[in-house]
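Here is a short briefing to read alongside the model. Keep the viewer open and follow the topics in turn.

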Protein chains: 2
Amino acid sequence: MIENKNPHKTSLSDIGEFALIDHLTQSFSLENNSSLLGIGDDAAMIQHGKNPTLISTDLSIEGIHFDLTYMPLKHLGYKTVMVNLSDLYAMNVHPQQITVSIAVSNRFVLEAIEEIYQGIALACKNYKVDLIGGDTTSSKTGLILSISVMGSAPKKKIVLRKGAKENDLLVVSGDLGGAYAGLQILEREKAVFEVNPNSQPDLSTYSYSIERQLKPEARKDVIDLLDQLNITPTSMIDISDGLSSETLHLSKASKVGFHLFEEKIPIDPEVSLICEELKISPVTAALNGGEDYELLFTIDQKDFDKIKNHPFLSVIGHACESKKGCQLISRLGQQIELTAQGWQAFSR
Amino acid sequence: MIENKNPHKTSLSDIGEFALIDHLTQSFSLENNSSLLGIGDDAAMIQHGKNPTLISTDLSIEGIHFDLTYMPLKHLGYKTVMVNLSDLYAMNVHPQQITVSIAVSNRFVLEAIEEIYQGIALACKNYKVDLIGGDTTSSKTGLILSISVMGSAPKKKIVLRKGAKENDLLVVSGDLGGAYAGLQILEREKAVFEVNPNSQPDLSTYSYSIERQLKPEARKDVIDLLDQLNITPTSMIDISDGLSSETLHLSKASKVGFHLFEEKIPIDPEVSLICEELKISPVTAALNGGEDYELLFTIDQKDFDKIKNHPFLSVIGHACESKKGCQLISRLGQQIELTAQGWQAFSR
């Protein structure tokens with residue numbers, strides 16, 4: 001699909017770096033007042049008045065973070081932005097600007113890079129974020145995307161990983177395990193396709209989980225909701241590596257333990273069905289699967305009534321003394337110590 | 001050198017991502033008042049009062065931007081920071097924070113990554129910049145570094161690529177072509193080494209040029225000097241792709257042409273000797289070599305007396321009408337139109 005076998009495709013070496021940047025970014029305009037200067041100089045310029053500026057950055061690498069066999073390029077652009085925006089929402093801050101750096105090998109043609117930027121542009125539009133700069137270069141082998149995100153908020157609204165207190169409630173948005181279940185289905189179909197390239201998989205019964213994997217959404221709506229409900233979480237993180245790993249991060253930063261109730265972990269029925277089909281535990285998918293980009297946060301007990309029965313939000317546990325550690329309480333009442341079995345970057 | 005054949009070396013898969021980040025960044029502290037929150041949460045936090053914040057970002061990829069055959073890892077860390085700081089100096093702004101994202105394959109051991117971070121730490125110390133965040137992951141093949149840099153300054157001090165007016169003087173700091181000459185020597189010795197691994201090259205007569213290639217310095221001192229001399233350039237850029245390409249960038253952004261005098265281009269005697277040895281023109285090395293990280297800027301003629309005969313600074317030409325284009329005036333008085341033959345990311 002992305003090899004340069006088509007005479008209508010444009011080789012990147014015919015264009016040159018500067019013309020490529022101009023071409024890819026011409027449809028991006030600056031929408032935020034705080035975006036003073038965008039692409040085209042040595043640096044971009046932003047201004048955030050008297051409030052702190054938040055910055056986060058992520059690298060996404062072909063063969064490690066994504067597989068172009070089943071990841072459409074437009075989705076890749078969209079998802080890579082989501083991963084970054086999610087980090088700022090995890091601090092209760094609205095992202096306002098991003099920079100995008102991209103490295104591609106010469107097996108990519110212009111039209112492929114354009115598709116990635118279409119996904120980036122859609123993400124910018126949907127989330128009201130400005131693309132203000134970046135770098136474009138070649139790579140020896142695969143595709144590399146490096147995105148940084150910036151935003152600002154009054155200091156008292158910013159939520160760190162530290163701040164959870166004993167007896168605070170542990171809350172998660174949406175449902176978990178879907179991105180992992182979707183990935184397992186895609187990997188299975190890829191294996192089938194490699195054996196029989198004429199196979200036509202029917203993925204319609206897996207559509208929710210596959211969308212969770214290929215086109216996740218960052219939880220801007222949850223940040224907006226918390227603001228409307230006048231709740232400032234005491235600590236917060238986004239779920240990129242799995243519920244288990246993220247709970248341990250909050251525990252370490254806040255110096256509290258957590259009790260987490262298996263039966264309270266929100267799991268979509270489709271995810272449960274896929275897990276049954278694949279003979280894996282849905283709770284394991286939720287705990288260790290990752291890539292759900294939901295928000296995990298703690299709130300003071302006094303705020304419980306405000307979120308009770310909200311369709312987006314599930315109270316899944318509470319903070320306890322640090323020395324009790326982080327325990328999963330199973331449906332049978334057993335305590336199982338949480339371990340970080342999430343995505344380990346260097347163990348593959 | 002960096003393969004894991006030594007029992008005292010530590011495999012990255014034994015450590016895990018989070019412990020690796022902790023380990024690599026424990027010696028970094030926050031020195032700037034504007035660095036509110038560093039590594040360890042979803043995002044970093046900076047605050048720049050009422051002034052604009054400048055941001056720039058660069059990707060550096062093994063096999064494209066550097067060759068570990070002759071690039072020591074500590075130098076690589078140092079140089080990659082310099083490349084980024086140079087972008088902010090090119091806007092007349094002092095960088096204050098950086099984020100560093102790194103992707104490595106499992107052929108790298110912990111000690112190799114530590115060396116890169118030692119170079120980054122030295123750069124931070126020498127230039128009074130804080131490391132505030134980043135990402136650490138694995139790659140399928142080589143080493144990838146993605147650095148973003150931030151800083152702020154009063155709006156009237158910030159210098160863009162646009163702003164040069166007709167008759168402004170074109171000034172360059174330091175001397176040019178050295179990094180390119182150094183690269184040619186290193187490539188030659190690499191080729192010799194590949195034929196005869198026992199060869200012991202004597203590189204002492206090329207030390208200036210090799211240092212220009214392996215351990216460049218960003219021109220903080222030039223920014224300080226301009227401040228002391230009370231000069232605000234009318235336009236500025238740093239020389240990463242070569243004098244020719246950068247002059248064309250200033251020309252395009254400022255909508256002026258330039259006359260550039262061959263005899264005024266500053267070239268170190270060692271660079272001239274190397275070029276003679278390699279049978280290349282030193283002026284070509286200066287125009288198209290790149291990686292010198294000197295500053296190229298325009299000043300109003302009234303400021304000429306302040307910089308006249310300064311050892312760092314050379315007036316190499318002047319801005320003219322846009323329609324005259326960018327012309328190199330040779331020693332014999334011929335006009336040669338400048339073309340961007342600099343580093344073309346996609347043509348290799």
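Chain B can be laid on chain A by a turn of 180° and a shift of 0.0 Å along the axis, with an RMSD of 0.0 Å (a least-squares superposition on the C-alpha atoms of residues with pLDDT of at least 70 in both copies). The two copies are thus related as by a two-fold rotation axis. The same surface serves both of them, as 100% of the contact residues of chain B recur in chain A; here, residues are in contact if their C-beta atoms, placed from the backbone, lie within 7 Å.

This is a predicted model, in which local features need pLDDT of at least 70 and side-chain atom pairs count only at pLDDT 80 or more, while totals for chains, interfaces and linings use all residues. Residues are numbered from 1 along each chain as its sequence is written, and chains are lettered from A and ligands numbered from 1 in the order in which they are written.

**Where the chains meet**

- On the chain B side, 56 residues are in contact with 58 residues of chain A.
- Several elements of chain B give two or more residues to this side, among them helix 2 (73–89), strand 4 (95–104), strand 5 (130–138) and strand 6 (144–152). Helices (H or I, at least four residues) and strands (E, at least two) are DSSP runs, numbered from the N terminus.
- Strand 3 of chain B provides the largest share of the side that touches chain A, with eight residues.
- By class, the chain B side divides into 22 nonpolar, 24 polar and ten charged residues. Ala, Val, Leu, Ile, Met, Phe, Trp, Tyr, Cys and Pro count as nonpolar, Asp, Glu, Lys and Arg as charged, and the others, Gly among them, as polar.
- Pairing also crosses between the chains: strand 3 (residues 53–61) of chain A runs antiparallel to strand 2 of chain B over three bridges. Two strands pair if DSSP finds at least two bridges between them.
- Within that pairing, A:Ile55 has B:Ala44 as its bridge partner.

**The seven-stranded sheets**

- Chain B holds an open sheet of seven strands in the order 8-10-7-11-9-12-13, with mixed pairing.
- At its edges stand strand 8 (235–238) and strand 13 (335–337) of chain B, each with a single partner strand, so one side of each is left without a neighbour in the sheet.
- From one strand to the next, the twist averages 25°.
- Strand 9 (residues 257–261) and strand 11 (residues 313–320) of chain B pair in the antiparallel sense over four bridges, and B:Leu260 is partnered there by B:Gly317.
- Chain A also has an open sheet of seven strands, in the order 8-10-7-11-9-12-13 and with mixed pairing.
- In chain A, strand 9 and strand 12 (residues 326–329) pair in the parallel sense over four bridges; A:Phe258 has A:Cys326 as its bridge partner.

**A helix pair in chain B**

- The axes of helix 4 (residues 178–195) and helix 8 (residues 269–278) of chain B come within 10 Å and cross at roughly 45°. Axes are lines fitted to C-alpha atoms, for helices over the stretch in contact, and angles run from 0 to 180 degrees between N-to-C directions.
- Helix 4 and helix 8 of chain B are therefore oblique to each other: angles under 35 degrees count as roughly parallel, over 145 as roughly antiparallel, 65 to 115 as roughly perpendicular and the rest as oblique.
- Residues making the contact include B:Gly178 and B:Ala181 of helix 4 and B:Val271 and B:Ile274 of helix 8.
- This helix contact has six nonpolar, two polar and no charged residues.

Conventions
Contact = placed C-beta atoms within 7 Å.
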